[in-house]
Amino acid sequence: MAGSLSLRELVAHPFTLATTITGVAGGLLHLPLVASLWTALVAQSGTLFGGVSIFAFTIAPETYPQVATWLQPVAIVLGALYGGSKLYRALKNIVNDVK
């Protein structure tokens with residue numbers, strides 16, 4: 001696939017760095033707005049991942065290749081966020097059941 005990003009490029013992507021810095025800052029500083037935005041993003045990550053990935057990997061490459069090049073990493077980050085939130089919930093339930 002032309003225009004694909006390697007894992008190193010994805011990690012160094014400005015969007016990835018911005019979300020990481022925002023998340024860490026919100027966690028460390030306990031900023032209510034950042035915490036609220038992060039909670040909403042995690043809660044809606046499945047829906048956002050579905051919509052963005054359909055557009056980024058099927059429609060955009062055929063119609064808007066320039067948009068696809070920056071939208072595909074966004075879809076990957078949303079997918080990782082969604083998977084991470086599901087894994088966190090599952091592990092939290094297991095820990096609570098073991099107690």
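What follows is a set of questions and answers on this predicted model.

Q: Why is Ser 45 called buried?
A: Its relative accessible area is 1%, and buried means under 20%, so Ser 45 counts as buried. This serine sits in helix H4.

Q: Is Ser 85 buried or exposed?
A: Buried: its relative accessibility is 8%, and the label applies under 20%. Ser 85 belongs to helix H5, and leaving aside neighbours within four places in sequence, it is in contact with Val 42 and Ser 45.

Q: Why is Thr 58 called partly exposed?
A: Thr 58 has 46% relative accessibility. Buried would need under 20% and exposed over 50%, so the value falls in between and Thr 58 is partly exposed.

Q: What lies 2.2 Å from a polar atom of the side chain of Thr 58?
A: The backbone oxygen of Ile 54 does, and the pair is within the 3.5 Å used for a polar contact. Thr 58 is found in helix H4, residues 45–63. Its C-alpha atom is separated by 9.1 Å from that of Ala 68, ten residues apart along the chain.

Q: Why is Ala 80 called exposed?
A: Its relative accessibility is 52%, and exposed means over 50%; Ala 80 therefore counts as exposed. This alanine is in helix H5, and its C-alpha atom is 9.9 Å from that of Gly 46, 34 residues apart along the chain.

Q: What makes Gly 23 partly exposed?
A: Gly 23 is at 29% relative accessibility, and the label covers values between 20% and 50%. Gly 23 is found in helix H2, residues 14–29. Gly 23 and Trp 38 are 15 residues apart in sequence and 7.0 Å apart in space, C-alpha to C-alpha.

Q: How do you know that the span of H4 agrees with its 19 residues?
A: At 1.5 Å a residue, H4 should span 27 Å, and its end C-alpha atoms are 25 Å apart, which agrees. H4 also has a kink of about 40°, centred on Ala 56. Ala 56 is among the buried residues of H4, as are Ser 45, Val 52, Ser 53 and Ala 60.

Q: How does the reach of H5 compare with what is expected at 1.5 Å a residue?
A: H5, residues 65–98, reaches 49 Å from its first C-alpha to its last, close to the expected 50 Å. The helix bends by about 30° at Leu 71, and Pro 73 follows within four residues. Both Leu 71 and Pro 73 are buried.

Q: Which helices each supply at least two residues of the lining of the largest pocket?
A: They are H2, H3 (32–43) and H5, and the largest share, five residues, comes from H2. The lining has 13 residues, of which Thr 19, Trp 38, Leu 41, Val 77 and Leu 81 lie nearest the centre. About 350 Å³ of space lies in this pocket.

Methods:
Residues numbered from 1 in each chain as written. Predicted model: local features only at pLDDT ≥ 70, side-chain atom pairs only at ≥ 80, totals over all residues. Heavy atoms only, no water. Buried < 20%, exposed > 50% of the residue type's maximum accessible area, 1.4 Å probe, protein only. Polar contact = N/O pair within 3.5 Å; in protein donor to acceptor, adjacent residues only side chain to side chain. Expected span 1.5 Å × (residues − 1). Bend = angle between axes of the 7 residues up to and from the residue. Contact = heavy atoms within 4.5 Å. 1 Å grid on protein atoms, 1.4 Å probe; cavity = no way out; pocket = protein on both sides within 12 Å on 5 of 7 lines; lining within 4 Å. Points joined across faces, edges and corners; volume = space filled by probe spheres on them.
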